[in-house]
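Biologist: Hi! Could you walk me through this one? I'm new to it.
Modeller: Happy to. Have a look first, then ask away.

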Amino acid sequence: MTPAHKELLQEFQDFAKTTPAAHSLMEQMAKRLHEKMTRYNWTGFYLVDPADPNYLVVGPFAGSFTPNARIPLDRGLCGAAATTGKVIVVQDVSADPRYLEGSSLVKSEIVVPIFANKKLAAELDIESYFAGTFTPPEQQFIESCAQVLATYLATSH
């Protein structure tokens, strides 16, 4: 991880120790990732819909376009990450038929499922206007960020 990655991760870990709610942690993470990581053009969280667990609903986000507000679990890269429980990395979204367009400018995307007590709770979704953004070091960093929220959710309920 780069020094910038380590610094942001430490900031999130420190913030998680004092924040009163998961929502504020997600807001802070989305905002800071978007501000600090120049190629992260849209950063946000999708949450399992409490009214219907077959859908994800958009949570806190930062970015230059309005995301899909509600995604069925059987659609898109977010749905694929939710149903498989695995990180989805797509370096060129135009080549992946599962991609649900949020903006025509998006070229690459990563979706990290976040589990609390072995149950899917949320996803960290980051989209970039540059192809090939989510290299293995970037993926490791983003997974570490997602883990901060997973730890928070597992210990705060």
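Biologist: How many disulfides are there?
Modeller: Zero, if a disulfide is a pair of cysteine sulfur atoms within 2.5 Å. This is a predicted model, where local features need pLDDT of at least 70, side-chain atom pairs count only at pLDDT 80 or more, and totals for chains, interfaces and linings use all residues. Residues are numbered from 1 along each chain as its sequence is written, and side-chain values use heavy atoms, with hydrogens and water left out.

Biologist: Is C78 buried or exposed?
Modeller: C78 counts as buried because its relative accessibility is 3%. Buried means under 20% relative accessible area, exposed over 50% and partly exposed in between, using a 1.4 Å probe and protein chains only. C145 counts as buried too, at 1%.

Biologist: New topic: what is the strand order in the sheet?
Modeller: The open sheet has six strands in the order β3-β2-β1-β6-β5-β4, with antiparallel pairing. At the edges are β3 (70–72) and β4, each pairing on one side only. Strands here are DSSP runs of E with at least two residues, helices are runs of H or I with at least four, and both are numbered from the N terminus. Two strands pair if DSSP finds at least two bridges between them.

Biologist: How many bridges join β5 to β6?
Modeller: Nine, with the two strands running antiparallel. F115, for instance, has L120 in β6 as its bridge partner. The two strands form a hairpin with two residues between them, and N117 in that turn has a positive phi of about 55°.

Biologist: And what about β4 and β5?
Modeller: β4 (residues 88–90) pairs with β5 over three bridges, in the antiparallel sense. There, I88 stands opposite V111 in β5.

Biologist: How covered is β5?
Modeller: Mostly: of the nine residues in β5 (108–116), eight are buried.

Biologist: Where is E109, and what stands opposite it?
Modeller: E109 is in strand β5, and E127 in β6 stands opposite E109. E109 is buried yet has no salt bridge, meaning a side-chain nitrogen of Lys or Arg within 4 Å of a carboxyl oxygen of Asp or Glu. R98, the nearest side chain of opposite charge, is 9.1 Å away; Lys and Arg count as positive, Asp and Glu as negative, while His and the chain ends are not counted.

Biologist: What is E109 in contact with, then?
Modeller: Leaving aside neighbours within four places in sequence, its contacts (heavy atoms within 4.5 Å) include L77, C78, I88, Y99 and F134.
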